[in-house]
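Reader: I'd like to learn how to read a structure like this one. Can you walk me through some features, one at a time?

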Amino acid sequence: INSPRANVLRSRLMEWAFSPYDMDREELLDCAAIMIMDSAACVELKLQLGRVRRFVKILESAYYDNPYHNFHHAVDVTQCTFYILHTLGMFNKTEPRRLSLRSPAETSFPLRTILRPTDVMALIVASLCHDLGHPGLNNAFMVRARTQLAELYNDQSVLENFHAACFSMVMSYYFTEFVLSRQSDMQQNGHAASFDYEEFRRIAVHAILATDMARHFEFIGKCKAQYERFVSGSNLPLTTQQHEAERAQLAASILKCADISNLVRPFNISQRWTQRLNREVTLQGNIEESLGLSRSIVVDHGNVPASQIAFYETCGRPLFNAVADLVPELRFMPDQLENNIRNWSFIK
């Protein structure tokens with residue numbers, strides 16, 4: 001999309017100080033469409049804008065009007081993923097890519113180059129879909145209230161499994177209109193189709209499931225282990241299976257960071273997200289009390305800075321540092337996190 005309006009929106013998407021609440025609905029929809037169209041170009045898919053926009057509206061309709069987990073959050077996470085992938089040069093078709101790494105000496109070659117063009121589109125679409133159908137209630141509530149979803153998923157990553165299933169269903173029902181018809185056209189006209197839907201879905205589902213905060217520290221451990229493997233060269237040369245696993249882990253790290261990127265946005269934007277999340281948590285507490293349950297999370301509105309500092313230091317710092325160790329181009333994120341901690345400390 002190269003219209004003047006699209007170029008203006010694309011320039012806003014390339015700003016780290018992006019805030020979806022500074023946009024109207026049409027701008028949000030267009031931003032989402034632009035990111036999908038640009039990512040599709042990486043796998044040489046020439047999508048029709050009208051179809052993509054209809055697809056985005058379908059996704060929008062699958063988000064509830066929660067204070068935090070809503071379509072604005074989905075676009076915000078997608079913009080962060082889009083920004084990261086641009087930072088890593090993934091939209092540059094001339095950027096060299098490694099099919100595999102053969103020796104420890106090659107680890108000086110950026111780890112990000114093991115990502116494939118398919119991963120770009122998978123991460124953009126997964127980001128838009130990662131919280132589809134979110135009820136504004138967390139996994140702990142789903143389990144404590146003995147909801148049908150908790151029973152369906154055996155109390156394990158309840159919402160993430162649900163979001164991944166919603167993603168798969170949406171893609172199954174609408175993907176034929178969205179992409180596969182174009183693939184058929186290409187194949188009928190004798191052009192090689194470079195898009196692999198199964199690979200796309202595998203990367204996307206793996207990334208969505210990785211957003212479960214209950215497994216946050218387990219995930220950080222995987223990031224650190226991946227870093228150690230590449231620093232030492234103990235996993236080289238990569239087999240095909242190892243290469244796929246390393247790609248999936250790195251892709252999941254990108255979406256994982258994007259999902260909680262409100263911690264590393266400029267402080268004024270980060271504060272607004274905090275207010276919205278606290279409202280949603282408070283509403284959950286009200287529902288819990290109405291069901292005769294104790295509040296699982298109590299928001300101390302008089303001491304928000306202290307709780308934020310604790311979360312930033314305990315959950316945010318280890319993740320963003322681990323990912324920045326893997327991909328030094330993302331060091332700006334933990335740097336911003338430290339700035340935000342200082343700002344919260346000042347308010348405190």
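Reader: Leaving aside neighbours within four places in sequence, which residues is Asn262 in contact with?

Author: Keep in mind that this is a predicted model. Once sequence neighbours within four places are set aside, Asn262 is in contact with Tyr68, Ser270, Trp273 and Tyr312. With Tyr68 there is also a polar contact of 3.2 Å, side chain to side chain.

Reader: Where does Asn262 sit, and is Asn262 buried or exposed?

Author: Look in the loop between helix H11 (240-259) and helix H12 (267-290). Asn262 has a relative accessible area of 7%, so this residue counts as buried.

Reader: What about Asn70: where is that one found?

Author: Asn70 is in a loop as well, between helix H3 (49-61) and H4. With a relative accessible area of 4%, Asn70 is buried.

Reader: Which polar contact does the side chain of Asn70 make with another side chain?

Author: The partner is the side chain of Tyr21, at 3.0 Å. A polar atom of the Asn70 side chain also lies 3.0 Å from the backbone nitrogen of His73. If you skip neighbours within four places in sequence, the contacts of Asn70 are Tyr21, Tyr63, Tyr64 and Arg276.

Reader: Let's zoom out. How many helices and strands are there in the protein chain?

Author: Count 14 helices and zero strands. Of the 348 residues in the chain, 53% are buried. For how the chain folds back on itself, take the contacts with a separation of 6 or more: 76% of them are between residues 24 or more positions apart.

Reader: Take Phe71, then. What is Phe71 in contact with, leaving aside neighbours within four places in sequence?

Author: Its contacts are Leu28, Leu29, Val56, Glu60, Tyr63 and Leu128.

Reader: How many aromatic pairs does a search of the whole structure find?

Author: The search turns up 10. To read a pair, check the distance between ring centres and the angle between ring planes. For Trp16 and Tyr83 the centres are 5.1 Å apart and the planes are at 50 degrees, so this pair is tilted. Trp16 lies in the loop between helix H1 (4-13) and H2, while Tyr83 is in helix H4 (residues 71-87), so the pair ties together parts 67 residues apart in sequence.

Reader: Are Trp16 and Tyr83 buried or exposed?

Author: Both Trp16 and Tyr83 are buried. They also form one aromatic cluster with Phe332.

Reader: Which residue lies over the face of Trp16?

Author: That's Arg265, at 4.5 Å from the ring centre. You can find another such arrangement at Phe219, where Lys256 lies over the face at 5.9 Å from the ring centre.

Reader: How many disulfides does the structure hold?

Author: A disulfide is a covalent bond between the sulfur atoms of two cysteines. The structure holds zero of them. For Cys257, the closest cysteine sulfur is in Cys223, 7.1 Å away, which is too far for a bond. Cys257 counts as buried at 1% relative accessibility, and Cys31 is buried at a relative accessible area of 0%.

Reader: How far apart are Pro334 and Phe320, in sequence and in space?

Author: They are 14 residues apart in sequence and 5.3 Å apart in space, C-alpha to C-alpha. Pro334 is in helix H14 (residues 332-347) and is buried, with a relative accessible area of 4%. Beyond residues up to four places away in sequence, Pro334 touches Phe320, Asn321 and Ala324.

Methods
Residues are numbered from 1 along each chain as its sequence is written. This is a predicted model: local features need pLDDT of at least 70, side-chain atom pairs count only at pLDDT 80 or more; totals for chains, interfaces and linings use all residues. Side-chain values use heavy atoms; hydrogens and water are left out. Contact means heavy atoms within 4.5 Å. Rings of Phe, Tyr and Trp (its six-membered ring) pair if their centres lie within 6.5 Å; planes under 30 degrees apart count as stacked, over 60 as edge-to-face and the rest as tilted. Helices (H or I, at least four residues) and strands (E, at least two) are DSSP runs, numbered from the N terminus. Buried means under 20% relative accessible area, exposed over 50%, partly exposed in between (1.4 Å probe, protein chains only). A charge sits over a ring if NZ of Lys or CZ of Arg is within 6 Å of the ring centre and within 35 degrees of the ring normal. A polar contact is a pair of N or O atoms within 3.5 Å; within protein, one must be able to donate a hydrogen and the other to accept it, and residues adjacent in sequence count only if both atoms are side-chain atoms. A disulfide is a pair of cysteine sulfur atoms within 2.5 Å.
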